[in-house]
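Hi,

Here is the structure I promised to pass on. Have a look at it first, and my notes follow below.

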Amino acid sequence: MEFWIIFTKLTLILYIAFQSVQAHISHISWIVLTILLYFCVNITVYLFKNSIIKQLLLILSMGLSIWAYFVVNPVFSLLFPLSMVELAAGLTEKKWVLLILPLVPILYIDEMLRPLYGLVAILSFMIFTFTSTYSRICLKNEASLDAMRKKLQKVTKDLNENTEYIRQSEYTFKLEERNRISQEIHDKIGHSMTGALFQMEAAKRLMETNQPKATELLQNAIHISKDGIENIRMTLKNMKPPTEQVGIHRLKLLVENFNTKQSIKTLLTHEGNLDIITSIQWKIIHENVMEALTNAMKYSHASQVSIDLKVLNKIIRIEVRDNGAGTDTIKKGLGIIGMEERTAALNGKIIVDSSHGFSVTTLLPIPS
Amino acid sequence: MNVLEIKNLTKKFGDFIAVDNMSLTVAEGEIFGFLGANGAGKSTTINMIAGLLRSNDGTISILGKNNAKQSRFAKMNIGMVPQDIAIYEDMTAYENVKFFAGLYGLRGAELNERVVEALEFVGLQDKHKSYPKSFSGGMKRRLNIACAIAHRPKLIIMDEPTVGIDPQSRNYILTSVRKLNEMGCTIIYTSHYMEEVEEICSKIAIIDHGKIIAEGTKEQLKSIITNTKDVWIEVKTTEKVNLAAIQDINGVEAVSVDENFIKINSDTGVNNLNKILEHFMNSHIEIRSLQEKAPNLETVFLTLTGRNLRDQ
Amino acid sequence: MNIINMAWKGIKTDFRDIRTLFFMLAFPIILMLVLGTALSNAFTTTLPIDDIDVLYKDTTDGAALQQFIQQADQSGIEFKKVTIHTDGKKEVKQGKYTGYVEVTEEGVELYVNSGDSIGGNILQGMLSSYVDKYNISSEIMKVAPDKLEQAFSGGKQTNFIKETSVNPTKQPGSMDYYAIVITSMIVLYGAMSSSSLIVGERVRKTADRLIASPVRKSEIFIGKVLGSLVSNSLCVLLVVLFSKLFFKANWGDHMGLVFLVLLAEVIFAVSLGIGVSFLAKTSAAPKVIIMLFVQLSSFFGGAYFKLENPEGIFKFITDLSPLTWINSALTKIIYANDFSAAIPALTINLVGAILFLLISIVSLQRREGL
């Protein structure tokens with residue numbers, strides 16, 4: 001911006017210089033002096049950051065041009081408007097002030113110079129306004145670019161951290177699981193196996209001498225082994241909890257909580273084979289339903305919300321629909337965008353419809 | 001080569017999002033159906049493909065060339081049959097087709113030839129000197145099509161070409177669509193008449209609220225919901241029916257008896273209706289009626305969106 | 001090529017449309033005929049005056065007045081001697097008689113009703129010339145009575161008033177006048193048809209087809225404008241030629257310049273129509289706006305009757321009408337060979353045209369589709 005203002009000032013000075021040379025003015029030295037003074041003052045303006053000093057320098061520059069108008073050459077009045085605009089811009093936001101102020105002197109100056117002065121004043125105003133507007137836009141864009149860059153950096157960092165965290169927790173999880181299994185094996189299966197082994201050893205010894213006792217011991221061993229096998233089965237079962245139960249139970253819990261806390265009545269229905277819903281799908285279903293319920297509570301003025309979960313052949317469909325007024329146009333808030341993003345991660349889709357109440361439908365494909 | 005490729009297309013009218021991040025490809029030789037309720041975003045999508053609307057985001061490529069950058073190429077290769085009848089009532093059928101074909105750079109004898117060809121194609125050659133004022137709704141629709149095909153486009157877009165016409169004209173139009181397809185045109189066909197789309201389209205996208213919620217052949221779409229169909233056979237008496245034998249027929253998943261109905265749930269992928277009927281014939285059981293309850297696109301749409309196609 | 005295609009289509013359909021043809025060709029011709037013949041009086045310089053009845057009272061014994069009365073009678077002025085019962089002045093006041101003349105030895109006194117100024121003026125003029133003549137004769141009588149006969153040998157003066165127009169330049173007759181103003185009015189009506197050039201495509205939905213075709217928007221626009229210009233110009237040409245040949249309207253000796261001015265107006269009208277159609281929000285509004293504008297312009301531009309020398313605010317209003325400028329330019333070209341009169345008319349029309357075209361182009365660029 002400053003570059004263009006300086007450039008404009010230089011152009012004006014050049015014009016004045018040419019004008020003076022052509023007019024064969026005698027006191028050329030005075031003109032050169034004035035130009036130099038003006039030049040110095042105006043370069044200094046841009047060296048200071050302090051706005052008060054800047055304004056003082058601008059006033060000095062204006063004074064210089066007024067002085068030069070009276071004493072040296074009237075044409076120096078052309079330097080006045082741009083400084084005036086610059087000064088005024090520091091004090092007010094109003095555009096019309098910026099246009100009017102530099103035009104005021106036109107009433108007092110030499111009649112011959114008026115049209116030229118008017119032209120310069122208006123052009124000064126325009127150039128200043130354009131350059132300042134666009135430089136402001138530039139700055140704003142740069143700032144937002146910067147912010148975006150920072151955000152990107154942060155997100156990348158978060159991503160890296162998360163990956164690391166996932167790796168870590170995976171490891172911990174495996175470790176824990178291994179510990180649990182070894183503990184179980186040691187506590188239960190180990191004990192029964194050892195017990196069975198003792199019984200069988202004893203039976204082997206008694207086989208010749210006391211056959212009925214040996215048979216009894218063997219029977220014992222068989223019992224213990226059976227228990228052991230049952231234990232193994234139990235252990236394995238405990239290791240893999242039924243995801244279906246967790247999923248639908250969590251959802252039921254959510255609905256119950258909602259029912260007790262809110263005045264809106266909530267219904268949950270489901271059909272189809274819930275077994276094939278994976279835990280990651282359950283997670284998204286749960287989050288989307290929660291979000292949709294929150295939305296319904298906040299905006300719908302509905303008395304009832306229904307949640308319907310259907311497992312179809314190739315798709316899982318979860319619809320949360322309220323019986324409220326709906327809206328004419330759906331404005332995508334962060335909530336809906338969040339749902340969309342989550343769902344899109346599993347190649348799913350969100351349909352938001354507001355024609356009959358408000359409904360959010362999540363469609364998740366079942367991978368074959 | 002893909003005739004049409006849409007990537008992340010978005011169109012907003014103020015706050016209203018008409019097309020929401022849509023991606024889609026249409027391969028050569030397809031009759032691609034856009035199925036959706038009124039206001040689902042079908043026409044908006046089509047209008048963007050045809051260059052009538054500018055998109056807010058995303059790209060459209062026709063025959064591999066970006067629509068925005070090479071709009072002339074795209075437009076030369078597209079024939080647009082708009083939803084509303086767009087013809088000049090004060091010009092004859094011949095003049096209408098000639099004028100629009102002339103916009104595609106056709107001149108002289110070639111122009112004349114193509115115009116006659118197009119009019120013959122839609123069966124209006126006898127009426128070429130008549131003014132559309134005297135035409136029935138169906139004839140106007142046909143002229144509407146003729147105006148879009150005279151320049152032999154590779155991709156023909158038909159936006160609800162059968163709205164408000166008699167069944168005869170409708171059949172004529174559907175036949176012409178197939179014929180155009182056989183002649184090598186790729187066709188995009190929108191309708192909110194499920195039967196039409198089911199009948200002629202080789203691939204279908206179900207569009208709702210500016211999104212494609214499902215896409216594929218009609219079989220693929222139907223299989224989203226279920227792989228089975230219900231066959232209900234009404235018999236005079238259920239005494240002689242051997243349920244176990246029916247259960248053994250290939251593809252049959254479940255059989256049950258409900259009063260005089262034998263309800264058979266069967267895999268849609270297996271053609272076993274003949275075998276089932278054979279069983280009844282061989283057992284000398286009198287069949288009173290037979291209903292097949294297979295899912296159609298309407299059911300698919302209803303199940304996925306929770307609304308009827310013709311809901312407003 | 002596409003431009004010509006578009007233009008040609010427009011021209012063809014314009015000339016096929018009976019309503020357009022009626023409006024642009026038959027309507028102005030009929031209007032010329034009706035207004036030109038019905039209002040022909042407004043343009044003749046003769047003024048029919050009914051018989052003038054005058055009461056008189058003569059207290060002299062001279063025969064001079066009787067002679068005047070006899071002669072005046074031939075001009076349709078009837079003198080009636082006042083009876084004793086009637087009061088001459090009162091009769092005049094009531095408007096039963098145009099004037100009351102009292103001749104005494106002192107002189108002639110005339111009372112007229114100011115309500116019938118024309119009759120009164122005529123009476124006054126005749127009477128004063130009679131009095132002058134009488135005075136002269138009586139002076140002659142005093143000086144040289146024998147010369148009296150000689151002095152009036154010019155015969156008995158019957159024409160007491162002879163009017164000579166002080167403004168002898170050629171003036172248009174009613175048909176000449178209406179041929180000009182109706183033609184220029186009908187050109188302005190061209191804005192009606194041009195307002196539907198683009199809007200019509202939108203309404204008919206053919207706009208979508210045009211945009212879907214590889215033709216550029218600019219080509220469509222230029223083609224449309226060009227077609228409308230040509231068909232409107234042709235209509236004007238036909239109207240002018242028809243009025244010249246059949247109504248013998250005077251279009252002067254500089255038809256080229258006349259057509260140039262009319263062409264400028266055609267351009268203005270077409271641009272006006274398109275510009276307004278782009279500014280208006282609905283598709284029906286432009287027609288109403290244009291109708292109002294054309295009607296007001298026609299009224300103040302003198303299309304229905306001649307507005308003589310408007311002044312003050314009224315002059316300002318008439319100057320706002322483009323028809324005022326065009327009509328005065330045409331009249332000056334035809335009747336005064338004043339070619340420079342064409343310049344303001346051309347300027348106003350072309351500047352207006354450019355303004356409206358710019359509006360159209362800018363809004364065309366901004367909108368999606370046509």
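Predicted model: local features only at pLDDT ≥ 70, side-chain atom pairs only at ≥ 80, totals over all residues.

If you want one pair to look up, A:Thr269 has A:Asp308 in β2(A) as its bridge partner.

A:Asp308 turns up again among the charged side chains. Together with A:Lys310, A:Arg317, A:Glu319 and A:Arg321, A:Asp308 belongs to a network of salt bridges. Within that group, A:Glu319 and A:Arg317 form a salt bridge, with their closest N and O atoms 3.3 Å apart. Are these two buried or exposed? Both A:Glu319 and A:Arg317 are buried.

On to the other salt bridges. Side chains of opposite charge can pair when their charged atoms come close. Over all chains, the count comes to 33 salt bridges. One of them joins the side chains of A:Glu86 and A:Lys9, at 2.6 Å from N to O. This pair links distant parts of the chain, 77 residues apart: A:Glu86 is in helix α4 (residues 80-91) of chain A and A:Lys9 in helix α1 (residues 2-22) of chain A. Both A:Glu86 and A:Lys9 are buried.

B:Lys42 and B:Glu160 form a salt bridge, and their closest N and O atoms are 3.0 Å apart. B:Lys42 lies in helix α1 (residues 42-49) of chain B, while B:Glu160 lies in the loop between β7 (155-159) and α6 (167-182) of chain B, so the pair ties together parts that are 118 residues apart in sequence. B:Lys42 counts as buried because its relative accessibility is 4%, under the 20% cut-off. B:Glu160 is buried as well, with a relative accessible area of 2%.

Now for backbone angles. Most residues other than glycine have a negative phi. A:Asn347 has a positive phi, near 60°. A:Asn347 is in the loop between α10 (334-344) and β4 of chain A, and it is exposed, at 64% relative accessible area. C:Lys248 is not a glycine either, yet its phi is positive at about 55°. You will find C:Lys248 in the loop between α9 and α10 (255-279) of chain C, exposed with a relative accessible area of 63%.

Last, the surface of chain C. A nonpolar patch of about 660 Å² is made by C:Leu226, C:Val230, C:Leu234, C:Leu237, C:Leu241, C:Phe242, C:Leu245 and C:Phe246. C:Leu226 sits in helix α9 (residues 217-246) of chain C and is partly exposed, with a relative accessible area of 36%.

Cheers

Key:
Residues numbered from 1 in each chain as written. Chains lettered and ligands numbered in written order. Heavy atoms only, no water. Patch = residues over 30% accessible without salt bridge, like charges linked within 9 Å, V, L, I, M, F, W, Y side chains within 5 Å. Areas by Shrake-Rupley, 256 points an atom, 1.4 Å probe, with all protein chains shown as cover. Salt bridge = Lys/Arg side-chain N within 4 Å of Asp/Glu carboxyl O. Helix = DSSP H or I, 4+ residues; strand = E, 2+ residues; numbered from the N terminus. Buried < 20%, exposed > 50% of the residue type's maximum accessible area, 1.4 Å probe, protein only. Pairing = 2+ DSSP bridges.
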